[in-house]
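Subject: Structure handover

Hello,

Here is the structure I promised you. Please open it next to this message and follow along.

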Amino acid sequence: MQKWVISLLAMILASSLYAEKITAGLYDPVLSSRVSKKDYVIGMDVFLKEIVRNEGIDAETISYDDPVKLSHDFESGKLNMIVCDPLTIVENVPFNYLQSGIMGYKYNQTDSMTLLVLVNADDTRPLSEQLHGSIAMDGDTGAELFLKTLMLQNGITQTPNLIATKNPQQSILKLFFHKADLTLIDRGSFLTAVELNPQIKTKTKILQSIPLTLGSVSYMRKGMSKELQQKIFALGKRMNTTPRGKQLLALFHGNYMDECDPKDLASVYALKKEYETLHNAKSLHRNNR
């Protein structure tokens, strides 16, 4: 009997040692600035554990203040999943380590990955003048990089006059009430604002629409078992089928979850390259004067 008990305990221990596990590294300077770091980490931890609940998968979240450290731990295998802003990944994480992850969306991927440049409908000034005015933004790193690129394209080299907002809805309200000259927000947030206040659609106008991955994204590490990856996909896509799942998605301004492909970062890579080309050309011109 004693040998049987010992064998059973050994089997349980062995199965726990080889249990599937998701260890996610978190780095989101935008979201962390809106809520306390403690609340952000707790929220993400609950969110991740809810996805894998009752599936025999362990889940752990680790918060980072340094994106270089996050990248190092991802490359070394300490992390098998990362959740952060797209620009941080483009600047710090080698592309060949990434494989698809799961991410929440408000309407659909296209709306969540489309950046709009908005002004008031009665503002007939050229864009170069509007860019000299006040610009309401929530701190999205990709949107800020596009703004800097837009300014260089229009021959503007000074620092933009930014009005910091807590979220895209606050940004569009600043514009709507003429407390800002321009704002950059994702199409999904614009559609939400129009639902809440249809006048926004007639009182504002879209100057540009740019494909660009915004907000937070998640990617898994290459080398993670395909079975575990597919299991996470299936569980994530079912999140909006339960009341608790819908509640958790709402906390992160999503309606559903879907695959987040590394190829989605192509627009961010392209924007970074364009900005660097314009910035270097401007610096060279300044040095040659």
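Strands β4 (98–105) and β10 (217–221) pair in the antiparallel sense, over three bridges. Ser100 stands opposite Tyr219 in β10. Two strands count as paired if DSSP finds at least two bridges between them. Strands (E, at least two residues) and helices (H or I, at least four) are DSSP runs, numbered from the N terminus.

Before you go on, note that this is a predicted model: local features need pLDDT of at least 70, side-chain atom pairs count only at pLDDT 80 or more, and totals for chains, interfaces and linings use all residues. Residues are numbered from 1 along each chain as its sequence is written, and side-chain values use heavy atoms, with hydrogens and water left out.

Cys84 has Val217 as its bridge partner in β10. Is β10 enclosed or open? Five of its five residues are buried, so β10 is largely enclosed by the rest of the structure. Buried means under 20% relative accessible area; exposed means over 50%, and partly exposed is in between (1.4 Å probe, protein chains only).

These strands belong to an open sheet of six, in the order β2-β1-β3-β10-β4-β11, with mixed pairing. β2 (58–63) and β11 (256–260) are the edge strands, and each pairs on one side only. From one strand to the next, the twist averages 25 degrees. Axes are lines fitted to C-alpha atoms, for helices over the stretch in contact; angles run from 0 to 180 degrees between N-to-C directions.

Now look at β1 (residues 21–27). Six bridges join β1 to β2, and the two run parallel. Gly25 has Ile62 as its bridge partner in β2.

Two helices to find here are α4 and α12. Helix α12 (residues 226–237) packs on the sheet and touches β1, β4, β10 and β11. Its direction makes about 10 degrees with that of β4. Helix α4 (residues 67–76) lies across β1, β3 (81–84), β4 and β10, at about 35 degrees to β10. Contact means heavy atoms within 4.5 Å.

**A closer look at α4**

Which residues of α4 are buried? They are Pro67, Leu70, Ser71, Asp73 and Phe74. These residues cover an arc of only 165 degrees around the axis, which puts them on the same side of α4. The arc is that of the directions from the helix axis to the C-beta atoms. On the other side of α4, Val68 and His72 are exposed. The cover over the buried residues includes β1, β3, α5 (86–92), β4 and β10.

Asp66 caps the N-terminal end of α4, with a side-chain oxygen 2.9 Å from the backbone nitrogen of Val68. Just after α4, Gly77 takes a positive phi of about 100 degrees.

**The five-stranded sheet**

Another open sheet has five strands in the order β7-β6-β8-β5-β9, with mixed pairing. β7 (161–164) and β9 (204–211) stand at its edges with a single partner strand each, so one side of each is left without a neighbour in the sheet. Here, the twist averages 25 degrees from one strand to the next.

β6 (residues 134–137) and β8 (residues 182–186) pair in the parallel sense over two bridges. Thr183 in β8 is the bridge partner of Ala136. Helix α9 (residues 168–176) packs on this sheet, touching β5 (114–120), β6, β7, β8 and β9. Its direction makes about 150 degrees with that of β8. Helix α10 (residues 187–196) lies across β5, β8 and β9, at about 105 degrees to β8.

**The cores**

A nonpolar core is a set of buried Ala, Val, Leu, Ile, Met, Phe, Trp, Tyr and Cys residues joined through side-chain atoms within 4.5 Å. The largest one has 40 residues. Which of them touch the most other members? Ile82, Ile89, Leu131, Phe146 and Leu184 do. Helix α8 (residues 141–153) gives the most to this core, with six residues. Apart from this core lies another, of 24 residues, among them Ile22, Met44, Ile102 and Leu249.

**One last residue**

Find Ser112 in helix α6 (residues 109–112). At 14% relative accessibility, Ser112 counts as buried. Leaving aside neighbours within four places in sequence, Ser112 is in contact with Tyr105, Lys106, Asp186, Leu212 and Leu214.

Best wishes

Key: Polar contact = N/O pair within 3.5 Å; in protein donor to acceptor, adjacent residues only side chain to side chain.
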